[in-house]
Amino acid sequence: MKLELKLTDRFEYESADWPCNDKTVDASDRRAWRLQHLDELNSVQDEVLARMEELKYLPRDQYSVLLGLLESVVNAFKHGNKMQPEKSVIIDAAISADHAWFRIQDEGDGFDVEAVPDPTLPENVQKAHGRGIFMMRAFLDRVTYYGSGNIVTICKYRSRDEEAA
């Protein structure tokens with residue numbers, strides 16, 4: 001479900017991490033959704049992909065954004081909201097010609113991102129979980145947690161064609 005929200009009034013945030021005040025981002029670049037169930041993410045990803053294709057983002061940038069969005073929203077539902085059906089996840093987005101930016105907020109208590117074990121350490125390599133944040137940081141240009149850890153922003157800057165070669 002797409003929401004019509006006045007995005008700048010809803011959150012406390014670091015202004016340096018909010019691209020919507022950037023001259024390259026206008027109202028048509030902004031999107032917002034409130035998800036009640038994880039299966040609603042498919043339609044969000046479809047809309048994000050359509051916008052990125054319209055702006056002619058490279059396939060690898062599209063993949064990176066979709067991966068980051070999937071990981072952050074799954075984490076929000078699973079770890080933040082503990083899969084409680086009465087809790088929602090809010091996604092704010094700004095998808096412009098030069099970057100794709102998202103803010104994902106759950107209704108959970110948050111967590112200390114610094115306490116998440118490094119999945120590349122020998123004692124963690126065989127564990128079946130704990131790679132989502134690591135993958136987001138590998139594929140995206142910025143991953144920043146705020147407040148108690150229940151808000152994350154992710155950003156991917158558009159690759160130039162010569163970088164893709």
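**Charges over rings**

I started with Arg 158, which lies over the face of Tyr 57, at 4.8 Å from the ring centre. I found Arg 103 placed over the face of Tyr 146 too, and there the distance to the ring centre is 5.7 Å. My rule for a charge over a ring asks that NZ of Lys or CZ of Arg be within 6 Å of the ring centre and within 35 degrees of the ring normal.

**Ground rules**

I note that this is a predicted model, that local features need pLDDT of at least 70 and side-chain atom pairs pLDDT 80 or more, and that totals for chains, interfaces and linings use all residues. Residues are numbered from 1 along each chain as its sequence is written, and side-chain values use heavy atoms, with hydrogens and water left out.

**The chain as a whole**

I counted four helices and five strands in the protein chain. For these I took DSSP runs numbered from the N terminus, with helices being H or I of at least four residues and strands E of at least two. Read from the N terminus, the order of elements is β-α-α-β-β-α-β-β-α.

I then looked up burial: 45% of the 165 residues count as buried. Buried means under 20% relative accessible area, exposed means over 50%, and partly exposed is in between (1.4 Å probe, protein chains only). The chain exposes about 9200 Å², with carbon and sulfur atoms supplying 52% of it; the areas come from the Shrake-Rupley method with a 1.4 Å probe, and for residues only the protein chains shown count as cover.

Among contacts with a separation of 6 or more, 66% come from residues 24 or more positions apart. A contact here is heavy atoms within 4.5 Å.

In which order do the five strands sit in the open sheet? I read 1-2-3-5-4, with antiparallel pairing. Strand 1 (30-35) and strand 4 are the edge strands, and each pairs on one side only. From one strand to the next, the twist averages 15 degrees. Two strands pair if DSSP finds at least two bridges between them.

I took a closer look at strand 3 and strand 5 (residues 151-157), which run antiparallel and are joined by seven bridges. Trp 101 stands opposite Cys 155 in strand 5. A reminder to myself: strands of a sheet pair through backbone hydrogen bonds, either parallel or antiparallel.

**Helices on the sheet**

Helix 1 (residues 41-54) lies across strand 1, strand 2 (89-95) and strand 3, and runs at about 170 degrees to strand 1. Helix 2 lies across strand 1, strand 2, strand 3 and strand 5, and its angle to strand 5 is about 175 degrees. Axes are lines fitted to C-alpha atoms, for helices over the stretch in contact, and angles run from 0 to 180 degrees between N-to-C directions.

I also checked Asp 46, which lies in helix 1 and counts as exposed at 52% relative accessibility. Asp 46 and Leu 66 are 20 residues apart in sequence and 9.4 Å apart in space, C-alpha to C-alpha.

**Aromatic pairs**

For rings of Phe, Tyr and Trp (its six-membered ring), a pair needs centres within 6.5 Å; planes under 30 degrees apart are stacked, over 60 edge-to-face, and the rest tilted. How many aromatic pairs does this rule give? I get two aromatic pairs.

Tyr 63 and Phe 139 make an edge-to-face pair, 5.7 Å centre to centre with 65 degrees between the planes. Tyr 63 is in helix 2 (residues 59-80) and Phe 139 in helix 3 (residues 132-139), so the pair ties together parts 76 residues apart in sequence. Both are partly exposed: Tyr 63 has a relative accessible area of 48% and Phe 139 one of 32%.

Phe 111 and Tyr 145 have ring centres 5.3 Å apart and planes at 85 degrees, so this pair is edge-to-face. Phe 111 sits in the loop between strand 3 (99-105) and helix 3, and Tyr 145 in strand 4 (residues 142-146), so the pair ties together parts 34 residues apart in sequence. Phe 111 is partly exposed at 34%, whereas Tyr 145 is buried at 18%.

**Positive phi**

Lys 56 has a phi near 65 degrees, a positive value in a residue other than glycine. Lys 56 is in the loop between helix 1 and helix 2 and is exposed at 64% relative accessibility.
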